[in-house]
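Keep the sequence and the 3D view open while you read.

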Amino acid sequence: KNMPEQQNIEWKQSWRDEYLQWISGFANANGGVLYVGKDDNGNVVGVDKYKKLMDELPNKIKDTTGIVCDVNLHEENDNYFIEIAVESFSSPVSYKGKFYLRSGSTNQLLNSTALEDFLLKKKNLTWDAVTMDNASIEDINLEAVESFKKKAIDTGRLPSIGYDTDTETVLRKLELVNQSGRYTRAALLLFGKNPQRYYTTAYLKIGKFGNSPSDLITQDVVETNAFELADKTLELLNSKYIFRNIKYEGLSRKEPPEYPYDAIREILFNAIIHKKYGISPITVKVYNDRISISNFGELPESLTLDDLWKDHRSIPRNRLMANVFYKGGHIEAWGRGTLKIIEECKNYGLLEPLIEERQGGVTVTLFKDIYNEHYLSKLDLNERQVKAIRYIKENKVITNKTYREMFDITDRTVLRDIEELVEFKMFKKIGNGRATKYVINVEGYEY
């Protein structure tokens, strides 16, 4: 029984030299087999001049890609076909100076950022560990390293440094400067005097918007090193962008900000550590009802959005930067950042955040007053449903029983009302049977 073409099998009816790029693609991925003399369904159709091919192919492969493959001849019902078995190689394999990678059942030509990611992965390096030719201690903001040093001593996570350890030694211990004294990208991003000189998108952009994303009211740019970026951003948000709700407790004024700053700080740390530098800056958008932080750089292959809601492995795109954030006490533990964000929102009385993959990156949105009166007035809901949403906003949850008692209606009507709200993604169902409860679902919120 023939298997369909897949990740590691490719069928060709006859040989063409351009198929050598498939061999590069297999060698760079998980290896694979190329059959010559089989049709698209894997049936043997036979191959002409198989003897000549058996002589030529091993040398041709070696000369163009530099690797040796097993080339075997097989026969089925008087038809000959050739099997070229390609192993996976730990170093990159090119064909005519280009690198290919087998992905799914296609062969992809790698270029620019995809190629760099691939080459680094083969060397077991992350993007931020690459060294820069012309960088020196002159490019480093010594005060930023001092501030890191104090924090690292406080956390006790870098036991080998003390107050008298010099800058260069601190950077070496963090692997930000390698054995031969060369500075990594991470060193310049984390502690550089002017990281934007090297990486034009190593900054952050804040905008305040009115009722629509096209209604920009004011904007700012935060340009500083990555180690201080989150704090500088929060200072600016606090002084100019985020309102405070004044509460009087006794005689003293308490002014809690609209959002939990610890959650925003954690989102920013995540963005800095997982960002693909070179595409676009981190952006913070502040609206009347929400704040959104977006960052270019998709989730690592082995993580899904659902994984972020539970304990998960941390796979930072920029490992050296993540390590410095950990040693300096910026992040508490690997892989718990998103859980901390969710927890902070909950403690603050906010709804859970919305985490989405959008346009090659990740966006985290914290909501303040969603489903407010103005918004509810525009929805096609009955009066009971609107009241139920108000009730949930006040009490966090609602049950079928509460819903029935609020309006003195039949179970059937309750079910119809609630099922509609679940379908509109405005209610989220938790639990089953008698223990069923409903909470607000942020996914149904259209903005």
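Q: Is Cys 345 buried or exposed, and at what relative accessible area?
A: This is a predicted model. Buried means under 20% relative accessible area. Cys 345 falls under that cut-off, so it is buried, with a relative accessible area of 0%.

Q: Which residues of helix H11 are buried?
A: Helix H11 covers residues 337–347. Its buried residues are covered by elements that include H9, strand E16 (354–358) and strand E17 (361–367). The buried residues of H11 are Gly 337, Thr 338, Leu 339, Ile 341, Ile 342 and Cys 345.

Q: Which residue just after H11 takes a positive phi?
A: Look just past the end of H11. The phi there is positive, about 80°. The residue is Gly 349.

Q: How many disulfides does the structure hold?
A: A disulfide is a covalent bond between the sulfur atoms of two cysteines. The cut-off for the sulfur atoms is 2.5 Å. With that cut-off, the number of disulfides in the structure is zero.

Q: Is Cys 69 buried or exposed?
A: The relative accessibility of Cys 69 is 11%. The limit for buried is under 20%. Cys 69 therefore counts as buried.

Q: How many of the nine residues of helix H10 are buried?
A: Helix H10 spans residues 319–327. Leu 320, Met 321, Ala 322, Asn 323, Val 324, Phe 325 and Lys 327 are buried. H10 is largely enclosed by the rest of the structure because the buried residues number seven.

Q: Which elements do the buried residues of H10 pack against?
A: Phe 325 is one of the buried residues of H10. Just after the helix, Gly 329 takes a positive phi of about 75°. The packing partners of the buried residues are helix H4 (142–155), strand E9 (183–184), H6, H8 and H9.

Q: Which residues do ring pairs link into a cluster with Phe 325?
A: A search of the whole structure gives 19 aromatic pairs. One of them joins Phe 191 and Phe 227, at 5.6 Å centre to centre and 50° between the planes. The residues linked with Phe 325 are Phe 148, Phe 191, Phe 227 and Phe 269.

Q: How many residues apart are Phe 191 and Phe 227?
A: Both Phe 191 and Phe 227 are buried. Phe 191 is in helix H6 (residues 185–191), and Phe 227 is in helix H8 (residues 226–241). Their pair links distant parts of the chain, and the separation is 36 residues.

Q: What is the angle between the planes of Tyr 198 and Tyr 199?
A: Tyr 199 counts as buried because its relative accessibility is 9%. Its ring centre is 6.3 Å from that of Tyr 198. The pair is tilted, and the angle is 40°.

Q: Which residue lies over the face of Tyr 326?
A: Charges sit over rings at two places described here. The charged end of Lys 275 is over the ring of Tyr 277, 5.0 Å from its centre. At Tyr 326, the distance from the ring centre is 4.1 Å, and the residue is Arg 157.

Q: Which backbone oxygen does the side chain of Gln 196 reach?
A: Gln 196 lies in helix H7 (residues 195–198). It is buried, with a relative accessible area of 13%. Beyond four places in sequence, Gln 196 touches Ala 202, Tyr 203, Glu 223 and Thr 224. Its side chain comes to 2.5 Å from the backbone oxygen of Ala 202.

Q: Which side chain makes a polar contact with that of Ser 294?
A: Ser 294 is in strand E15 (residues 290–296). Contacts of Ser 294 beyond four places in sequence include Pro 281, Ile 282 and Val 362. The polar contact is at 2.9 Å, with the side chain of Thr 363.

How values were computed:
Residues numbered from 1 in each chain as written. Predicted model: local features only at pLDDT ≥ 70, side-chain atom pairs only at ≥ 80, totals over all residues. Heavy atoms only, no water. Phe/Tyr/Trp six-rings, centres within 6.5 Å; stacked < 30°, edge-to-face > 60°. Helix = DSSP H or I, 4+ residues; strand = E, 2+ residues; numbered from the N terminus. Buried < 20%, exposed > 50% of the residue type's maximum accessible area, 1.4 Å probe, protein only. Lys NZ or Arg CZ within 6 Å of the ring centre and 35° of its normal. Polar contact = N/O pair within 3.5 Å; in protein donor to acceptor, adjacent residues only side chain to side chain. Contact = heavy atoms within 4.5 Å.
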